[in-house]
Amino acid sequence: MKKFLFLFAALALSVGTFAQNMQETVYLKNGSIIRGIIIEQVPAQSLKIRTKDGNIFVFAMSDVEKISKENVSDRHFRSNRRMTHSRWSGPEIGYRGFVDLNWTAGVGTTSGVDCIGLLTSHGYQINPYIYTGIGIGFNYFYNGTAANIPIFANIRSDILQNSITPFVDLKIGYSVLDAEGLYLSPSVGCRFQARRGLAFNIGIGYTLQKYNFEFFDDYDYYRGNLNLNGLSIRFGIEF
């Protein structure tokens, strides 16, 4: 009887150990492998998986190659986790926000009309590649001691699903205060992910700011518009 109980306990322990080592495994089309527990799955749309260290990742089903259940040792799991974090660090689907420091050098007919400003954009990451949002900023034209506030729509595409990836960005809207008029700013750059939920961006672009003006003097009334064109450099963070 004692032998039977001992064998039964040993068998139960073996089954329990085997079950603990079983992990749900998600294979992505980009070659990454994520192991953990799938906590949410929307058919044909997305899945959410929690890894052993508590991190939660969300993937579009279009990026998933296959899903399986595998027996993985702790050592293998830790090694694979490091590989996964280094190979896939794209933005997660959901809220995404940006804060950028912007410096623009005037070119063409407005050469010398330089400005420095701060821009922020907040919106939604639709899928691993496309972000849309709205934003607001403040620019100070220090050569002419003028200022404006651009209010804009923002669309951005991250080209790769890596910790370092090029991106393209477009902001379009309208500015108020001293330099009032159409605001348009396309740019390209590179995104560097520091950790999950935090990344740094550097980019260059072209800014078109329409300046609608009108003024009077002793004899005449003047009204028109001027293009405040400039080359921009941006440094920022995202969260």
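**Exercises: rings, charges and burial**

The charged end of Arg156 lies over the ring of Phe167, 3.8 Å from the ring centre. This is a predicted model, in which local features need pLDDT of at least 70, side-chain atom pairs count only at pLDDT 80 or more, and totals for chains, interfaces and linings use all residues. Residues are numbered from 1 along each chain as its sequence is written, and side-chain values use heavy atoms, with hydrogens and water left out.

**Exercise 1.** Find the ring that sits under the charged end of Lys66.

*Solution.* Start with the rule. A charge sits over a ring if NZ of Lys or CZ of Arg is within 6 Å of the ring centre and within 35 degrees of the ring normal. The ring is that of Tyr27, and the charged end of Lys66 is 4.8 Å from its centre.

**Exercise 2.** Classify the ring pair of Phe98 and Tyr131.

*Solution.* Take the rule first. Rings of Phe, Tyr and Trp (its six-membered ring) pair if their centres lie within 6.5 Å; planes under 30 degrees apart count as stacked, over 60 as edge-to-face and the rest as tilted. The chain has four aromatic pairs by this rule. For Phe98 and Tyr131, the centres are 5.0 Å apart and the planes stand at 70°, so the pair is edge-to-face.

Next, place the residues. Phe98 is in strand β6 (residues 94-106) and Tyr131 in strand β8 (residues 130-141), so the pair ties together parts 33 residues apart in sequence. Strands are DSSP runs of E, at least two residues, numbered from the N terminus.

Last, check burial. Buried means under 20% relative accessible area (1.4 Å probe, protein chains only). Phe98 has 4%, so Phe98 is buried. Tyr131 has 0%, so Tyr131 is buried too.

**Exercise 3.** Is Thr51 buried or exposed? Which residues does Thr51 touch, beyond those up to four places away in sequence?

*Solution.* First, locate Thr51: the loop between β3 (46-50) and β4 (56-60). Its relative accessibility is 8%, so Thr51 counts as buried. Now list the contacts (heavy atoms within 4.5 Å). Thr51 touches Ile34, Arg35, Gly36 and Phe57.

**Exercise 4.** State how much of the chain is buried.

*Solution.* Buried residues make up 38% of the 239 residues.

Key:
Buried means under 20% relative accessible area, exposed over 50%, partly exposed in between (1.4 Å probe, protein chains only). Helices (H or I, at least four residues) and strands (E, at least two) are DSSP runs, numbered from the N terminus.
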